[in-house]
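Colleague: I am new to this structure. Please pick one part, look at it closely, and show me what surrounds it.

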Amino acid sequence: MNIEMPKDPRLENLDEEIAEIIFEEFKRNMDLVAIHLRDARNMLYGVQDGSSDRALCKAALLLGAAALESNLVYFSGAALRISEKRTGLFFPGQIRYLKGIEEVVEENGKLVEKLARQSLSNRLQVVPTLLARTVQRTYQLKTRSAAFQKLARTIMRRDAIAHPRADRYITELGWWEAAEAIDSVELYL
């Protein structure tokens, strides 16, 4: 008996050249995503539930977030490479956003590019949206889902560790918070 499955409409009208670009960017970047997740899991495995090894828990959370950042680098690279093939997809500001740069005027009046400060929360929505545009799709981050709420807590904790302030640095981060971080990143990926 030969059962024919219906064709997925999302796979129609995909250009082979674009599929190849996405695959090339995937090959270049996914190892780093996987390495970060592997290392985060290994650190978490080294911490016993209820342990007071807060440093390893923080490291696991940071590596989980690094996997998320690496995935966004992959998306940005794919969107930029596709936009080189299909001119007119993005405005110059959107190209700079994907490159992670901004133009500023120095004291001498010269216009220069420098690394832009971009929030991870913002990049979670903007980068996939721009990538989706390159293949005539739309992207909607479901911010009300339980999975996104986990991810939001992970980003808040990561920011408190990476950008500490006296009023929000996290000293009590344990195994459960680190496990939630890894889980939330895997769910997003």
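Modeller: Start at the hairpin of β1 and β2, where 5 residues lie between the strands and Gly109 takes a positive phi near 90°. The model is predicted, so local features need pLDDT of at least 70 and side-chain atom pairs count only at pLDDT 80 or more, while totals for chains, interfaces and linings use all residues. Residues are numbered from 1 along each chain as its sequence is written, and side-chain values use heavy atoms, with hydrogens and water left out.

Helices and strands here are DSSP runs, numbered from the N terminus (helices: H or I, at least four residues; strands: E, at least two). Strand β1 covers residues 101-105 and strand β2 covers residues 111-115. They pair in the antiparallel sense, over 5 bridges. Pairing requires at least two bridges found by DSSP between two strands. Across the pair, Glu102 stands opposite Lys114 in β2.

Now to the part I want to look at closely: Glu180. It is found in helix α6, residues 175-188. Its relative accessible area is 16%, so Glu180 counts as buried (under 20%; exposed is over 50%, partly exposed in between; 1.4 Å probe, protein chains only). Glu180 touches Lys150, Arg153, Thr154 and Arg157, leaving out residues up to four places away in sequence. Contact means heavy atoms within 4.5 Å. Ala65 is 115 residues from Glu180 in sequence, yet their C-alpha atoms are 11 Å apart in space.

Two of those contacts are salt bridges. A salt bridge is a side-chain nitrogen of Lys or Arg within 4 Å of a carboxyl oxygen of Asp or Glu. In general, side chains of opposite charge can pair when their charged atoms come close. The side chains of Glu180 and Arg153 meet at 2.6 Å, N to O. That pair links distant parts of the chain: Glu180 sits in helix α6 and Arg153 in helix α5 (residues 146-162), 27 residues apart. Glu180 also bridges to Arg157, with the closest N and O atoms 2.7 Å apart. This pair too links distant parts of the chain, from helix α6 to helix α5, over 23 residues.

Elsewhere, the side chains of Asp159 and Arg158 form a salt bridge at 2.3 Å, N to O. Arg158 is buried, with a relative accessible area of 15%. Glu69 joins Arg158 and Asp159 in a network of salt bridges. The structure holds 10 salt bridges.

A nonpolar core is a set of buried Ala, Val, Leu, Ile, Met, Phe, Trp, Tyr and Cys residues joined through side-chain atoms within 4.5 Å. The largest one has 45 residues, and Leu68, Leu72, Leu98, Leu124, Leu151 and Tyr188 have the most contacts inside it. Helices α1 (16-46), α2 (54-85), α3 (92-99), α4 (120-134), α5 and α6 each supply at least two residues of this core. Helix α2 gives the most, with 13. Tyr188 touches several residues beyond its sequence neighbours, among them Leu68, Leu72, Leu124 and Leu151.
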